[in-house]
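These are my notebook entries on one model. I looked up the core, the contacts and a few backbone angles.

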Amino acid sequence: MEIVLAFVIGGLFAASVYMLLRRSLVKLLIGLALLSHSANLLIFTSVKLTRGSPPVIGMNATALREPFADPLPQALILTAIVISFGVMAFALALAFRAYRSVGTDDLDRMKSTDD
Amino acid sequence: MTSLILRTTARYLMPLLLIFSVFLFLRGHNQPGGGFAAGLVAAAPFALYSIAFGAVKARHVLQVRPRYLIVTGLLASVVSGAIGMSVGKPFLTGIWGYLYLPGSGKLEIGTPILFDLGVYLVVIGVSLSIIFALEEAE
Amino acid sequence: MNPLLILPILIPLVTAILALLFREARNVQRALSLLGALGLFGASAGLMFDVRRNGIQAAQVGNWPAPYGITLVADLFGAIMVLLAGIIAMAVVTYSLVSVDAKREEFGYHSLIHFLLMGVCGSFLTGDLFNLYVWFEVMLMGSFVLMALGGERGQMEGAIKYVTLNLLSSAMFLSALGLLYAMAGTLNMADLADKFSDISASQPYGVVTTLAMLFMVAFGIKAAVFPLFFWLPASYHTPPAAISALFAGLLTKVGVYALIRVFTLIFVQDAGFTHNLILIIAGLTMVSGVLGAVAQKEFRRVLSFHIVSQIGYMIMGLGLFTPLALAGSVFYIAHHIIVKTNLFLISGAVEKLGRTPVLKKLGGLYQAQPMLAILFLVPAMSLAGLPPLSGFFAKLSLARAGLETGQYIIVSIMLGVSLLTLFSMLKLWNEAFWKPLPASAIGSGGAAGMGNLHTWLISVAFLAAITVLIGIGAGSFFSIALLAGEQLMNPQDYIQAVLGGAR
């Protein structure tokens, strides 16, 4: 299963880089969204997928029952998702405003301050 | 957008989604759910309302400004952290107490719920202020 | 728990909340912001004294024991950085009171500044890599909005480049975190250092070095090192001067801080490869930054490229990897944060007076505003490294460390770049201050129609005084930096302070 997911992650990263390199502002945003998803999926996969009991010590037990799933990566991903939600919301608003003030979504024409 | 279907759904979905968000919020205490998910669910009907009727009316329905929700939420989170500090424990330490309700036994209540409430309010406030601002810029 | 560890995070947070609440009441907001900056400065100075006297301080937020909970640590290096953030906060907020327009303030300018400061202080104080990521994001969110605030066309263009490249770096950081966790099973920096100190025996360097490279790229983008710096000169000149001064002073330095922290604490197994690579990058960063600056025609763009060039010096100390070199880096960072913020604040006054950032159209400012001109010379000459200002001693210590380790090439590059920096600063001096106002600009207002600048100059004079002070008292300041460098080279104390009995 990890092998399959590894290919999925690779594909997602490739797609996001491809999108980031397009000239259109909207495609840039799609690329950024894909990028954060692929990073999250990478964390999820890299810690091995375990089909086991939750990492909670039961009422009458003293130790965890093997095999148990590591909860930390999921907590990390959850935090990362929340952050990327905020960042993407801002990026969308920014792109919209930029489109309004520049009047184009062509990134090659957004360099009036570059000369 | 002035579709009749959208306007009707927006109106009828609002109470349902708001109740669902409270359910999610309380469920988050021990099970999947919690402040963030519940906050998003609570923001959804207002977002829908602003698409159907415009941001001005949606703001009116919300009654409080999104900014005050953010402020209250952040303050609630800071206070929940400071309670732990005020009894000599590190910042954000969970302090638990029991509330004895007549007829239904004791209820465990602690500072994490206050923190979660803060998250709930901040999420509603932030998402709605972005959505309203974009809606008004159209 | 030592409250001084949490205060540099809490004070900006509470200030930001209250400033957001009183957004419409402009005067209340401004008073709160100033009060918050003063509070931050006080708390950071307290933390500095505490760490100086009692050694490394650590605390576990939420009372969960060390490798599992959220750790806050302040060693000397971290405390110095927090103190610098406090100083910059005071200077920038004071300057904002006179320079930022009412529209931006009503949009929550002061609130955003303090959110940004919270992220910066959090990054300096956290003892956990994932928390570092979270603080980075807090800081970035604040900076994104500040960058775009006002909505001018140039700002939008700058903000898109800035946002994209920073998100790219965040995604890389996050991926590196995932892989690191899969390998080590922990993200607590002290725990990682402890685990990695004997990993070399059981595992080949390969994987660790690959991870180290991922972190280097992720932090390298934030720190704007060669060849990852292009977002910086494309965006830093677009927002108002107070904002770009804050960015110039603190944001890239958080990247440098993260590089130094990670490459002294965790990734030290393969120093022959990683630290030599850092040294090469340092040299290239210095050269490319200063050459970029030579070609620029606008006041703040010249300064932006100089940030890049100066980052090279800070990384150089890390590349040399001796206590003296790291002390040089710490000293250099302290010197640079103050000087560079000051130069950007001055650039704001210059652009306000001349009504243009283009050097060709500026001029005659020495005649019109001699005070500003002299205050410009202090940080400018310090940046170029002229004695007896702070930059001279910073460069001296780095050069000595380079010579001691026999790295003659980097030392000669460094001295050459210093000369070019001096040339570039003199160009700014000549163009903006010394040469007469060009005839074409006289009609358009120019240097003649300027009001009273005294309120603008308070922060500038404050920072210039600190620059001179660091120069005069270089010996005692350097002894602190040396202690910080020794702490960085011997991570045992850091690990002990965080993990304590848990090991």
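**Core.** I looked up the largest nonpolar core, which has 268 residues; Ile80(C), Ala85(C), Leu177(C) and Ile315(C) touch the most other members. A nonpolar core is a set of buried Ala, Val, Leu, Ile, Met, Phe, Trp, Tyr and Cys residues joined through C-beta atoms within 7 Å. Buried means that 20 or more other C-beta atoms lie within 10 Å of the residue's own, exposed means 12 or fewer, and partly exposed is in between, with C-beta atoms placed from the backbone. Helix α15 (residues 323–354) of chain C gives the most to this core, with 19 residues. Helices (H or I, at least four residues) are DSSP runs, as are strands (E, at least two), and they are numbered from the N terminus. The core draws at least three residues from each of domain 1 (1–268) and domain 2 (270–472) of chain C. In soluble globular proteins, nonpolar side chains tend to be buried together.

**Conventions.** This is a predicted model, in which local features need pLDDT of at least 70 and side-chain atom pairs count only at pLDDT 80 or more, while totals for chains, interfaces and linings use all residues. Residues are numbered from 1 along each chain as its sequence is written, and chains are lettered from A and ligands numbered from 1 in the order in which they are written.

**Leu177(C).** I listed its contacts, leaving aside neighbours within four places in sequence: Ile43(A), Leu129(C), Phe130(C), Tyr133(C) and Leu187(C). Two residues are in contact if their C-beta atoms, placed from the backbone, lie within 7 Å.

**Domains of chain C.** Chain C is divided into domain 1 (1–268) and domain 2 (270–472); the bounds come from an automatic or database domain assignment. Their centres, taken over C-alpha atoms, are 23 Å apart. The contact takes 41 residues from domain 1 and 43 residues from domain 2. On the side of domain 1 that touches domain 2, α12(C) gives the most, with 14 residues. By class, that side of domain 1 has 32 nonpolar, eight polar and one charged residues. Ala, Val, Leu, Ile, Met, Phe, Trp, Tyr, Cys and Pro count as nonpolar, Asp, Glu, Lys and Arg as charged, and the others, Gly among them, as polar.

**Chain A with chain C.** I found 28 residues of chain A in contact with 28 residues of chain C. The largest share of the side of chain A, 14 residues, comes from α3(A).

**Helices in chain B.** At what angle do α3 (residues 55–62) and α5 of chain B pack? The angle is about 150°, with the axes 9 Å apart. That makes α3(B) roughly antiparallel to α5(B). Axes are lines fitted to C-alpha atoms, for helices over the stretch in contact, and angles run from 0 to 180 degrees between N-to-C directions. Under 35 degrees counts as roughly parallel, over 145 as roughly antiparallel, 65 to 115 as roughly perpendicular and the rest as oblique.

**Backbone.** Most residues other than glycine have a negative phi, and most peptide bonds are trans. The bond from Phe226(C) to Pro227(C) is cis, with omega near -10°, and Pro227(C) is in the loop between α10 and α11 of chain C. Ala224(C), in the loop between α10 and α11 of chain C, has a positive phi of about 60°. Is Ala224(C) buried or exposed? Ala224(C) is buried, with 26 other C-beta atoms within 10 Å.
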